[in-house]
Amino acid sequence: MTTPILKVTGLTMDFGGIRALDSVDLDVRQGEIAALIGPNGAGKTTFFNCVTGIYIPTAGEVMLTPAGSNKSKNLKGLKPNQVTQRGLARTFQNIRLFSRMTVLENVMIGRHCRTKAFILGAILRNRATRREERKILEYSYALLEKVGLANQADEFAENLSYGAQRRLEIARALATEPLLLLLDEPAAGMNPQETKELDELIKKISREGQAILLIEHDMKLVMSLSDRIFVMDYGKMIAKGNPAEIRTNPDVIKAYLGE
Amino acid sequence: MDYFIELFCSGITRGAIYALIALGYTMVYGIIGLINFAHGEIYMIGAFTSFIVATVLSIYGFPLLAIIVVAGVAAAVWSSAYGFTIEKIAYKPLRHAPRLSPLISAIGMSIFLQNYVLLAQTSDFLPFPELIPDFAFMEPIAHIVGSSDLVILITTTVVMIILTFVIKFTRIGKAMRATAQDRTMAMLVGINVNNVISATFIIGSALAAIGGMLIASHIGQINFYIGFIAGIKAFTAAVLGGIGSIPGAVLGSLVLGLTESFATGYVSSDYEDVFAFALLVLILIFKPSGLLGKDETQKV
Amino acid sequence: MFTLKEIKKTVLISLWFVFLTFPLMVIKVDPIEKTVLWRWHNALYVAIGIFCIRCLIEFFRHRKQQKEKKKKNSSDDSQALIHRILVDPRKRNIMLGVLLSLVVIFPFVFDTYQTNIMITALMYVVLGLGLNIVVGMAGLLDLGFVAFYAVGAYSYALLNHHFGLGFWAVLPIGGGLAAFAGILLGFPVLRLRGDYLAIVTLGFGEIIRLILENWNEFSMGPSGISNIDRPYFFGINLSLEHSILYLYYIMILFLIVTIFIVNRLQNSRLGRAWIALREDEIACQAMGIDKRKTKLVAFALGAFWAGVVGVIFAAKTTFINPASFTFLESAIILSIVVLGGMGSIVGVIFGALILILLPEYLRALSEYRMLAFGAILVAMMVFRPQGLISKIRRTYTFKQE
């Protein structure tokens, strides 16, 4: 078996005296869709924030390994931008788009860490810069086509519908060419139609070989998408397995329904 | 030793004045999260109003006690009116604007008020009438502590006690604390947030006006520019104590007053204002939550 | 439109302002002569003034509402004239050509005095463009911008005074030192939240000024440095008149270079990152943008321009002292950016020309200059936060290959 893309071991996070994450283990394999579920306040978003560098975890390891290589990179303690640079991109639970930038520009920002023109390049606008700009544009536009927003490329992001904003966030994250895509409640607040479109979109991205880890409350969506599911409660990982196993796991049922 | 005590007392006096102004900053910040840059100008207008009223009354030959009372009340009333009006003009329309917009508006208001006073009155330094007589019982220690220091200290303490009472026990005080914690929630439980904000500006302005009158009679002269430096220093004090916290503002002011007093007394008086600015920069960089403030956690 | 109720309200507001301004506007005491001057006419002016202002505001608000109603019915969105010109490349080139020729012949049409004023205005245009990088694009409210201007001016003054270095040699040094100062200040403060950053930069600006004022051995204190060399023209010492002319063309050239560079920066990978940073810092970092570095670059670039203009300022006036670098100077530059439109290059140019030239030509109004600057900051934030000329939205044309 190959090394998993993301391997988190013993991740622990304390806020003052409160232990929000207690020695959490999780791994995401190449090309799969993994889901992280759990009741509200279980620590799922905290987990994301620790992995992506927004919080610095108290203890634990976060290892990222590119597909087909065995060179692992430790992400623990890196800044969010360094984490993204190393290949982990995320979306946010409450949408955080650049609302006064156009849809296309939002995606172009995602290309930032894969391109390098700087002050001199910007001022001289030499051939290399022009080529890079053109490539950014092409790449971003292609992504918009993939998520079905190409015809709204010049709209301000804030003028998009809710579902479209969610898809734009995914496109923006994909623009960073992540090894692993982290989706924080992508279906939150969506109507059934939008959820269905999202389901198709995630499957489409996954078919192209993109590994995905998502947090989600919509069980139908989770069961339909996931290859494996991790369940958290009170900051601890209480179960993991494929959808069928999770559905019948007594600990999971207890966590969701109470005693 | 006498010199040390003298510096200590003058530091406490300074601190007491800063506290009166800093409270306005901290209360407004606590409620609408705005650095009310024009607050220093409110203080300056308070000093000017009391100057005008006191001088007019003394020219017409009123007794000293009447002059003090009327000038103090007038300063508080007019400063409050200015505070109230400024909020309505420059801040209320921007309540949902990006965070920097009200700050720019506040800076504009500050510049406007400075020049308004400059044009309406004068750019010269004006001699402030001596309102506080030298008390006979202070005679033995007069070379260390002046009578006006004593008056400032007593007035400030009384004002603080009243303020604490208002905020702890009255209806408007409770509404203010509720609004500071969560404005939307306060609105939902039926608190008229606009009134609470207005009340905050009025109270803060009245305190600043009293501070303005006290310091003007202590130093003995005023001009249109005094609000800028005093405002920055009081803001420094508020941040030092932890902005949004009322006891913090008082503590911060005393610390700042003492620091300045000792620094100018023992180091050099040329750099008096540099100490305050440097302190401000250092606190904001190393401990933006101040001495008694709460850390602001950013939600993701 | 003007119902009785509205008029009544307006009258009440006027009366409130009469009360508000009563002690300061009406009474004037002379504490030495012991006389009181009652200026009742001022109360009348205030009442009439406030009444008119309030009527105007209501009138415009009413008209705006009408317009918005109309807009909903018909779908045409009429753009401002200036936008239409700028969007069409042919019209834009014609306009630029006309402007350029006007600017070039300006000193031959007007006298030295006018040229001198124009140099000042152009300096503020460049200062505005520099601050615009920091405030308009990157969204960092820098209230101590004048400090970098001072660094530039003092670099030239001191290097010239002590070592006899010439204008052209110091121009890049001044800019570089200012940019360095920007980075030095930037390191600690850039992790601060927006409003705290504003206050810290203000404090920094004041510290620099106070040091210049008090450190006599270094800066010669409040009396300043005089007899600074004007720029030499290929080693020739020009007459006063010619050197003003020369400085004017230097300034024009420098302005063109600045506009060119700022425009390119704005439409680059870096420019996009600045705007994204202004919009949402956390999302920006999550997209792999190094927040620290991006902000520092904005700070340093803004400071660089301030430094260069500082050198030019010292060369133009041949005398500098700390009084030229007060907080009010920062506020004036900020007013220019805010009036013109944050992030808009054309806006900043217009803003600077209006704010600097108007008070020069309307001498009667010049004492109300700072009053107006303050009022402009408030009014722009309340009524038109996007400025006179808002930034043109950049759209990208995409051709599939």
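Which strands of chain A form an open sheet with antiparallel pairing, and in what order? Select four strands: the order is β2-β1-β4-β5. Helices (H or I, at least four residues) and strands (E, at least two) are DSSP runs, numbered from the N terminus, and two strands pair if DSSP finds at least two bridges between them.

This is a predicted model, where local features need pLDDT of at least 70, side-chain atom pairs count only at pLDDT 80 or more, and totals for chains, interfaces and linings use all residues. Residues are numbered from 1 along each chain as its sequence is written, chains are lettered from A and ligands numbered from 1 in the order in which they are written, and side-chain values use heavy atoms, with hydrogens and water left out.

Stay on this sheet and pick β2 (18–28) and β5 (73–74) of chain A: these are the edges, each with a single partner strand, so one side of each has no neighbour in the sheet. Next select β1 (6–15) and β4 (59–64) of chain A, which run antiparallel and are joined by five bridges. A:T12 stands opposite A:A59 of β4(A).

Now move to the mixed sheet. Six strands of chain A form this open sheet, in the order β6-β7-β8-β3-β9-β10. Its edge strands are β6 (88–90) and β10 (236–241), and the twist averages 20° from one strand to the next. Select β3 (33–37) and β8 (211–215) of chain A, a parallel pair with four bridges; A:I33 stands opposite A:I212 in β8(A). Finish with helix α6 (162–174) of chain A, which lies across β6 and β7 (180–184) and runs at about 155° to β7(A).

Methods
Axes are lines fitted to C-alpha atoms, for helices over the stretch in contact, and angles run from 0 to 180 degrees between N-to-C directions. Contact means heavy atoms within 4.5 Å.
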